[in-house]
Amino acid sequence: FALNNEPDTQYVLTLMVREDGERGIGKRGIEDIIANYIVPNITSLERLNKDSHFESFHNYNYRVLNDAVEEASGNEHIKIYKDPTGISQMIEVYPVEHKGEIWANLVDIVTISEAQLKTRKNMRSGSHTYIWNDGVPGVLTVFGYEDGTGELRFSTQDAHNLYIHTINYNRATNDYNIGLLHSIISDAKIANLGDTYKGEVDLL
């Protein structure tokens, strides 16, 4: 991360885990520490704001490419946008029922995504990354296919809904930097979190 008064200096925080029982803080302790910090400034949003803007669907605020146009989805839980270069964005909002403590159902999301990936005959690669954005845990899955197409999927949830944002693109025909698409899809906010992620969050 960088500080406002030192924009040309990058700082890296590394936490080492001791797994020796009594003296070690343990894996869960490290997760609690590293997931709860405030950084004055990580990166400038100038590029993101130049190429995308925020829209909202239910309680979910997400970025859409500036040139994208919304198309009819025929489903009240889904919004679809298409960019002139062929990039498509799909926002899905599904009600979920929680019993007991709220928890981030990210492992199930990854399991489902990997199962879907295996059904694609032209699959080249697949990976997932856990992301904390504005105090909200989410998972970004990245799929690559032999025909040059790719798929990004960012999933998160609150106490009432599961939110899934999917971006499909073609490396050969799309002008957008893929890293920029990663930033656009993961820069999302839940408008009213309430007490969803206060206290213990069972992330993994």
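User: Which residues does Ala188 touch, not counting residues up to four places away in sequence?
Analyst: This is a predicted model, in which local features need pLDDT of at least 70 and side-chain atom pairs count only at pLDDT 80 or more, while totals for chains, interfaces and linings use all residues. Residues are numbered from 1 along each chain as its sequence is written, and side-chain values use heavy atoms, with hydrogens and water left out. Contact means heavy atoms within 4.5 Å. With residues up to four places away in sequence set aside, the residues that Ala188 touches are Tyr60, Asn61, Asn133 and Phe154.

User: Is Ala188 buried or exposed?
Analyst: Ala188 is found in the loop between α4 (178-186) and β10; helices (H or I, at least four residues) and strands (E, at least two) are DSSP runs, numbered from the N terminus. Buried means under 20% relative accessible area, exposed over 50%, and partly exposed in between (1.4 Å probe, protein chains only). Because its relative accessible area is 6%, Ala188 is buried.

User: How many Å apart in space are Ala188 and Phe154, C-alpha to C-alpha?
Analyst: Phe154 is among the residues that Ala188 touches. The two residues are 34 residues apart in sequence, and their C-alpha to C-alpha distance is 9.0 Å.

User: Which strands are the edge strands of the open sheet of three strands?
Analyst: This sheet has the order β1-β2-β10, with antiparallel pairing; two strands pair if DSSP finds at least two bridges between them. An edge strand here pairs on one side only, and the two that do so are β1 (52-57) and β10 (189-190).

User: With which side chain does the side chain of His165 make a polar contact?
Analyst: His165 lies in strand β9 (residues 161-170) and is buried, since its relative accessible area is 0%. Among the residues that His165 touches are Tyr60, Arg63, Gln89 and Phe154. A polar contact is a pair of N or O atoms within 3.5 Å; within protein, one must be able to donate a hydrogen and the other to accept it, and residues adjacent in sequence count only if both atoms are side-chain atoms. At 3.0 Å, the polar partner of the His165 side chain is the side chain of Gln89.

User: Which strands stand at the edges of the open sheet formed by seven strands?
Analyst: The order of this sheet is β3-β4-β5-β9-β8-β7-β6, and its pairing is antiparallel. Each edge strand has a single partner, so one of its sides is left without a neighbour in the sheet; the strands concerned are β3 (69-71) and β6 (123-133).

User: Which residue in β8 is the bridge partner of Val142?
Analyst: Strand β7 (residues 136-145) and strand β8 (residues 149-157) run antiparallel and are joined by seven bridges. They form a hairpin with three residues between them, and Gly148 in its turn has a positive phi of about 90°. Phe143 has Glu151 as its bridge partner in β8, and for Val142 the partner is Leu152.

User: How many bridges pair β8 with β9?
Analyst: β8 is mostly covered, with eight of its nine residues buried. A hairpin of three residues joins β8 to β9, and Gly150 stands opposite Tyr169 in β9. The two strands pair in the antiparallel sense, and the number of bridges is nine.

User: Which element supplies the largest share of the largest nonpolar core?
Analyst: A nonpolar core is a set of buried Ala, Val, Leu, Ile, Met, Phe, Trp, Tyr and Cys residues joined through side-chain atoms within 4.5 Å. The largest one has 27 residues, of which Tyr60, Leu152 and Leu181 touch the most other members. At least two residues each come from β2, β5 (88-95), β7, β8, β9 and α4. The largest share, five residues, comes from α4.

User: Which residues do salt bridges that share partners join into one network?
Analyst: A salt bridge is a side-chain nitrogen of Lys or Arg within 4 Å of a carboxyl oxygen of Asp or Glu. Arg63 and Asp187 meet in one (2.7 Å, N to O), linking parts of the chain 124 residues apart. Asp187 also forms a salt bridge with Lys189, with the closest N and O atoms 3.6 Å apart. Through such shared partners, the network joins Arg63, Asp187 and Lys189.
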